[in-house]
Amino acid sequence: MPRVNPIDSDYFKDERPDDKFSVIGKTVQRSDALGHVTGRTEFFEDRTFPDLAHVKIHRSAHHHARINSVDVSEALRVPGVLRVITHRDVPSNWYMVLRLIGIEPNDEPVLAEDRVLYKGEPIVAVVADSEAAALEGAARVKVDYTVLPAVLDVEAALAPDAPVIKQAGTNYFVYEGHHARRLRFGDVEQGFAQADRIFEWRYSSAPIEHAPTETTGCVVVPQSSGRLLIHSNTQAAFFTLDNTALILDRPFTDLQVKGGTVGGGFGGKVDVMVEPLACIAATLTNRPVKFVYTREEEMQVSSPRAAERIYIKDGVMNDGRIVARKVMLYVDSGAYSRHSPYGTTKACAHLPGPYTIPNVYADCHCVYTNRTPSSAMRGFGVTIADFALESQMDRIARALEMDPLQFRLKNAYRDGDLKAHRKVAEGTALIEVIQRAAALVGHELPEEYQAMSSRGAGA
Amino acid sequence: MTLLRGRGYASVNYPTGMNLGGDPSQALIHATTMGGFVISLSSVDLGQGLKTVVAQCAAETLGMPMENVIVDTADTDTGPHCMGTFASRGTHRIGNAVIMAAREAREVMLAVAADELEVDAGDLETDGTGFVRLKGSPATEIHIQDITLAAHFKQGKTISGRGIFLKERNYPVPETGEMDPDSCQAHACTVAEVEVDDETGIVTVLSLHNAYEIGRALNPAMAAQQVEGGGWMGVSHAVFESTEPYYPASRDHGPVDFCEYLMPGPAEIPVQSSVILERPASNGPFGAKGIGEMTANAPIPAIANAIFDACGVRLTTMPFTPESILRGLDALRA
């Protein structure tokens, strides 16, 4: 029997009058479990095709450089190499995956043109009979660079004298005329003025890898109808289809995506990195083409979780009420946008954390640097903010010599509270999970804190 | 050498669905001649159990056994649009779409059954065994296989349904950040217990204790697997992972395989104990909220806070490496 955590049904009992279900709330075995543990699950790479060709990439050797020339003649001489693909072969080379939801501008080339903005940026794709020949061909591409100064720090990138690395003219994403996604609620300076204590600290994080068992990849098979069938491990079949069709400048109905079995996603398979080039290679060679990341590419070239830097300044009363919170948040988007403008807005929506604070001010910056472009990852916009916010809460509780859970309970948001983004809170349960976690580890709470409820006034 | 123990806390919430909405998912459902119900989707199951959970939603709504439900998904030629599997949206969005489709199919199913039984469709009920019965008169019943055969070959009806879930797109006010970002919020509080070796700087996460409020645990074992799998990932983020371990000095020498990119192995997995609370969300499928992403979040600050509790070192940069612990201890002794 699988492990099941107990469900404590004493909480919110009156909100579940209809608890009589036949299969909801029951442990049903996961439908793909047997296939996974017996090795019979079919992943995209388990399909074999006659005449399968392979794509490998020649990548930038520099963080930031102008490309003077690209010489592919040696690559074409490698036995088995079928074709070399440059930006000229990409019908609509500049893209931005979020254009599907109306976010602009297209800021990334599928293959680099006259410059590279990060180490590992794709410049040339080589299609060959074998992986070995494709790798050899990619290794023999010669690129002549003029190295440019690189910006590798979010705050340095925003400095007035920083070299502007983006064609759009700013090293940050522009949110409707603003240099950051803003949050303004109450009067934060007045809040600081009335506070007994001020606490201000800085937090940061390293970029990290999604580390899926199965690396990102696809096999594209030209169909007799002229369409392209894409076997992919994408997390979003239509999102991949639509973005690929836009890059190929082909009708959307020319493409079919089949997937649904993914050896680990965690946000790492929503960037549409392999399908466009595999489709172009399949079209140019009229052969089935596989493009799958090596582990090295997955770890060093595919989008990591963004490195973030977060400053939090809090104004707190001696009794433990937080009366003002100011957050300056910097997401290192790396060289290109990918999903980071969205993730930064999501970070802003999460502030100031699950607490009711009357005065909140935040600037959430989506910053471009010459690091590997970051993008979506599990907890997008929230995970690192939670590290910062909850470290902050612990430090303040200690400074005030308050119990860390009581301090959180005192500030916890409840039903009916107006959040900083001006949505009225409903269905809240922060108080209850704190109470229940305290009980789980035998952390005693005074009666007044045990009596608190997300549904009404307590302590 | 001393092994120092500490305990840390963190409490968090997490939004369900794509930020600001505008992320539809559709479902189509149709009955086969012999009582099967095929759910057509284009959604991707990342291994978290989406196919299983949406089959449960369909079976519950139809009032039919799980065995009768077939999920056909992730083919853009045969399945209707889905925005994708991310943003803790799968169970909520696709579950809701499937329920809507199954409700429509159920209505036809009951109408066909009513014709066969010569009763009013409003007087019929299901109990999940495969029969449709007259309320209060259980002997008047018909099996789903006979209903679907009659629909196809006698009444000439398609037992089918269409479903979609869309939270309308919201646009933030640029000046103030006023917005409606989420469908609902799930909640968690994690207590971490760690051991810090003051000679090597190595942090061992001994245990994670969690309380999660997730609206409704549609499949309790899979909810437990999300909590424990995410807990593992949180430990990994907290004390192991970086693609640029020498940054800012250098971005070189980044790891290129799992020998260099370290993550917790079996010996580093903490003991976990968890409790689930259910406060159903008014817009969730049977009240369910998204639990997918958030389970990696609370463990990280809980571990940071436990490290401080253990040895007095406040770490403000992830990951919490042995080097940073030792430098922190040196600073305390200075």
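Select A:Ala412: this residue is buried, because 25 other C-beta atoms lie within 10 Å. Buried here means 20 or more other C-beta atoms within 10 Å of a residue's own, exposed means 12 or fewer, and partly exposed falls in between, with C-beta atoms placed from the backbone. The model is predicted: local features need pLDDT of at least 70, side-chain atom pairs count only at pLDDT 80 or more, and totals for chains, interfaces and linings use all residues. Residues are numbered from 1 along each chain as its sequence is written, while chains are lettered from A and ligands numbered from 1 in the order in which they are written.

**Around A:Ala412**

A:Ala412 sits in the loop between H11 and H12 of chain A. Helices (H or I, at least four residues) and strands (E, at least two) are DSSP runs, numbered from the N terminus. Show its contacts beyond four places in sequence: A:Pro354, A:Tyr355, A:Leu430 and A:Ile431. A contact needs C-beta atoms, placed from the backbone, within 7 Å. For scale, pick A:Ala65: its C-alpha is 49 Å from that of A:Ala412, and 347 residues separate the two in sequence.

Step back to helix H11(A), residues 404–411. Seven of its eight residues are buried, so the rest of the structure largely encloses H11(A). Among them are A:Phe407 and A:Arg408. The buried residues pack against E16, H10, H12 and H13 of chain A, together with E1 of chain B.

**All of chain A**

Zoom out. Chain A holds 13 helices and 17 strands. Its C-alpha trace spans about 80 × 65 × 35 Å along the principal axes. Of its 459 residues, 55% count as buried.

**Across to chain B**

Now select the contact between the chains: 98 residues come from chain A and 105 residues from chain B. On chain B, elements that each supply at least two residues include strand E1 (3–15), helix H1 (50–62) and helix H4 (220–239). This side of chain B has 52 nonpolar, 34 polar and 19 charged residues. Nonpolar covers Ala, Val, Leu, Ile, Met, Phe, Trp, Tyr, Cys and Pro; charged covers Asp, Glu, Lys and Arg; the others, Gly among them, are polar.

Find E10(A), residues 197–205. E10(A) pairs with E12(B) in the parallel sense over two bridges. Strands pair if DSSP finds at least two bridges between them. A:Ser205 has B:Met318 as its bridge partner. B:Met318 is also joined to B:Pro319 by a cis peptide bond, with omega about -5°. B:Pro319 lies in the loop between E12 and H6 of chain B.

**A sheet in chain B**

Colour E4-E3-E2-E8 of chain B: this is the order of an open sheet of four strands with mixed pairing. E4(B) and E8(B) stand at the edges with a single partner strand each, so one side of each has no neighbour in the sheet. Twist averages 20° from one strand to the next. E2(B) and E8(B) run antiparallel, joined by six bridges. B:Ser25 stands opposite B:Phe165. Axes are lines fitted to C-alpha atoms, for helices over the stretch in contact; angles run from 0 to 180 degrees between N-to-C directions.

**Last stops in chain A**

Select A:Pro352, in the loop between H9 and E17 of chain A. The peptide bond from A:Leu351 to A:Pro352 is cis, omega near 10°. Then go to A:Asp51, whose phi is near 65°, positive in a residue other than glycine. A:Asp51 counts as exposed, with 10 C-beta neighbours inside 10 Å.

Notes. Contact = placed C-beta atoms within 7 Å.
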